[in-house]
Amino acid sequence: MPHRKTALRLAAPVAVLALALTACGGGDDDTGADAKGAGTTESAAASPSPSQPVSGGDMAQGESATGRVAEDPGEVTYDVVAQKVEVGTEAEAAKAVADAADAKGKVLATAHIKYTHKNGPALTEGSDVHDGTTVFADGQRGGVLIGASEDAPGCEDPYDVESWKQGESHVFCETYVIPAGATSVEVHWSEEDGEPYVWKFPQK
């Protein structure tokens, strides 16, 4: 199964700031879903379609979400919990990117997410569960920093996990570039076409 970050990761010996300018200016994907739901009747709201998974919402710190991911060789159910977010300095951000100008006024936010294989076939060729994770700051999506998380302490490289059975857990990390001085950092994870689960990490 192709993975969305593999090509970029193999092609770039240094971290690559992807979609830094466009992603930071965008809002959450919930906007479109909310707009479409604005005209929902009471009867439709009371009887959601079986094909539309009921998911998403604000999560307490330490609370896990359960979701399904289409993997190869089959669908897997995971428990997912955002454990913490480590926010760095502007100097660290400047060193991490190829062009320091891209990180002006920015810092790195590395989210640690624990994924537990709860049900489904054992995996032998990696997983796509981390593809549903994004990091937001003060309501805006950050710019993903490809290749920066694998070496962070306590983080595993998802592409090195070649065997994953029921009951086993792995911690994958996602590093995003966010505005310096953000007062709230959020970790979002969602099933495909599902609403995001949101863990909030207030910043001092």
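This tour moves through a predicted model, from the whole chain to its disulfide and then to its aromatic pairs.

**The whole protein**

The protein has five helices and 11 strands. Colouring by burial gives the next view: of the 204 residues, 42% count as buried. Contacts may be examined next. Among those with a separation of 6 or more, 75% join residues 24 or more positions apart.

**The disulfide**

Select Cys155 and Cys173 and show their side chains. These two cysteines form a disulfide, with 2.0 Å between their sulfur atoms; the structure holds one such link. Where in the chain do Cys155 and Cys173 lie? Cys155 belongs to the loop between β8 (143-146) and β9 (169-179), whereas Cys173 is in strand β9 itself. The two positions are 18 residues apart, and the pair links distant parts of the chain. Viewed along the S-S bond, the link of Cys155 and Cys173 is left-handed, with an angle of -85°. Are Cys155 and Cys173 buried or exposed? Both cysteines are buried.

**Tyr115 and Phe172**

Turn now to the aromatic side chains. Four aromatic pairs are found in a search of the whole structure. Select Tyr115 and Phe172, whose ring centres are 5.6 Å apart; their planes meet at 40°, so this pair is tilted. Tyr115 lies in strand β5 (residues 106-119) and Phe172 in strand β9, and the pair therefore ties together parts that are 57 residues apart in sequence.

**Trp189 and Tyr197**

For the last stop, select Trp189 and Tyr197. How are the rings of Trp189 and Tyr197 arranged, stacked or edge-to-face? The pair is stacked, with 15° between the planes and 6.3 Å from centre to centre. Trp189 and Tyr197 are both buried.

Methods: Residues are numbered from 1 along each chain as its sequence is written. This is a predicted model: local features need pLDDT of at least 70, side-chain atom pairs count only at pLDDT 80 or more; totals for chains, interfaces and linings use all residues. Side-chain values use heavy atoms; hydrogens and water are left out. A disulfide is a pair of cysteine sulfur atoms within 2.5 Å. Helices (H or I, at least four residues) and strands (E, at least two) are DSSP runs, numbered from the N terminus. Buried means under 20% relative accessible area, exposed over 50%, partly exposed in between (1.4 Å probe, protein chains only). Rings of Phe, Tyr and Trp (its six-membered ring) pair if their centres lie within 6.5 Å; planes under 30 degrees apart count as stacked, over 60 as edge-to-face and the rest as tilted. Contact means heavy atoms within 4.5 Å.
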